[in-house]
Amino acid sequence: MLKELIINENQSLSLNEELYSELHKAKLSDQTLPYKIQNNSIIFDDYIVGSIQIGDLIIKIQPRNPAFNLNSFFEMIVYTDFSFLKEDDITGFGFSKDFGVEILIKKFIHQTKMLCKFGLTGNYEHEYVYDDIIYGDINFNSYKKQIIPFYGVESLKSQYTLNVIQNMIIKSALLKCLKNIVDITLRTEIILLLKNFSEIKEYDGLIKQDIENIKNFFSSNKFYPLCIEISLTILQDLKIKYLDSNLIFKSFLFNSNDIFEKYVRTILKRNLNLNVSKLNDNSVTITSTNKLLHSDNEKLEKYLTPDILLNYDENSNRAAAILDVKNKKFNPSSDGNYSDLISSSDLYQMIVYCLSFKTDIAALIYPSEKDFKPISFFTDINETLNIYLFSINMKESLSIRHKKIVSEINQYVVSAL
């Protein structure tokens, strides 16, 4: 029977000898697992949430911010990655019962059933082959009369095949799910589904290199987009490792800051009539040369990257507004004293962003447990610089919280541009 331990984000966990050995073995088998073991304790990387199973033990890492739970993170992942899903469809995944990975697999099985019922889509492959039969255009560059009796004529052969990369991805995800599931009913469903993919190879490429080809696929089967997206999530984010048929580890771990940032940027991209972007890492370089110069190489460099730029113009390095996403507790004081609401470092950071991108409008966006009105203030450093504090009530439904934040940004930020 599975045992469960729950810890909070950024919290370490003391290990007994057996668990220490198992976690050490898991780390040796996959160095990318986001934790380290020190002094008989496991220390997860900063801002990691999710779950990891080692043998019969499941460790669940709960968010440090009370505005979130594990299911709300999975909900944000689905909204960010699956752009064709409506908000009500995402809510219908059933997040209230299980953590995301179980729901994801069940949804995947259901969608793949519908996909196979509608019929798999393939493509035509074209290749030149030697044969006594002429299939299509003859390759006259290799035409030699004397070899025809032995090899035939080289001509272009076209044949329809289901062995395309999209079907390979789905098959590989089904096989990975089969390793992950112990429920006999679900395993039986996957085995039956795999019969539809018997003539299709497993995917053995690199998703990053093939991602454009994987997603650019036309089919009249409307179930392909969701099946492909869930397959990619399972193959990339769900990590499973076995040794001699024994489970070493199974993990579904994410960086909470990254998820919330991407989620907010996705909301704005889909709902604002503006260009919403993020530059590459280290896009803001602050360089200071030592005036008491002792050598030509003496300088101080700091790199900063704002989370969201509105209407950024690369030629002038100017943005209409700067938005930064903060995964911090947000609970404004009812007496109007906001001194502890925004940290000094966050305030200084926004001022530097505004100076760097030549804008007077900046905003910080926080998760919250209830609805709060936007907060706006000027700085006495520059009275034209207006900084807003917005919050997203993560306890509300997707559609309600999205409408609220989009409406507020339109009202206070976009209207001032």
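1. The largest nonpolar core of this predicted model has 77 residues. Ile170, Phe260, Tyr263, Val264, Leu323 and Ile409 touch the most other members. Helix H6 (residues 165-180) gives the most to this core, at eight residues.

2. Take Ile170 from that list. Leaving aside residues up to four places away in sequence, Ile170 touches Phe108, Thr112, Leu115, Phe197, Tyr224, Cys227, Ile228 and Ser231. There is also a second, separate core, of 20 residues. Leu309, Ala362, Phe372 and Leu389 are among its members.

3. H6 also packs against helix H7 (residues 184-194). The angle is about 155° and the axes are 10 Å apart. An angle over 145° counts as roughly antiparallel, so H6 is roughly antiparallel to H7. The crossing is left-handed.

4. On the H6 side of this contact sit Lys171, Leu174, Leu175, Cys177 and Leu178. They meet Arg187, Ile190, Ile191, Leu193 and Leu194 of H7. By class, that gives eight nonpolar residues, two charged and no polar.

5. Now helix H2 (residues 70-81) and helix H10 (residues 256-271). Their axes come within 9 Å and cross at roughly 45°. H2 passes H10 in a left-handed crossing.

6. H2 contributes Phe73, Met76, Ile77, Tyr79 and Thr80 to the contact. The H10 partners are Ser256, Ile259, Phe260, Lys262, Tyr263, Thr266, Ile267, Arg270 and Asn271. The contact of H2 with H10 has eight nonpolar, four polar and two charged residues. Phe260 and Tyr263 return here from the list of core residues that touch the most other members.

Definitions and conventions
Residues numbered from 1 in each chain as written. Predicted model: local features only at pLDDT ≥ 70, side-chain atom pairs only at ≥ 80, totals over all residues. Heavy atoms only, no water. Axes fitted to C-alpha atoms, helices over the stretch in contact; angles between N-to-C directions. Helix = DSSP H or I, 4+ residues; strand = E, 2+ residues; numbered from the N terminus. Left-handed = near helix turned anticlockwise from the far one by under 90°. Contact = heavy atoms within 4.5 Å. Nonpolar A, V, L, I, M, F, W, Y, C, P; charged D, E, K, R; others polar. Core = buried A, V, L, I, M, F, W, Y, C linked by side-chain atoms within 4.5 Å. Buried < 20%, exposed > 50% of the residue type's maximum accessible area, 1.4 Å probe, protein only. Parallel < 35°, antiparallel > 145°, perpendicular 65-115°, else oblique.
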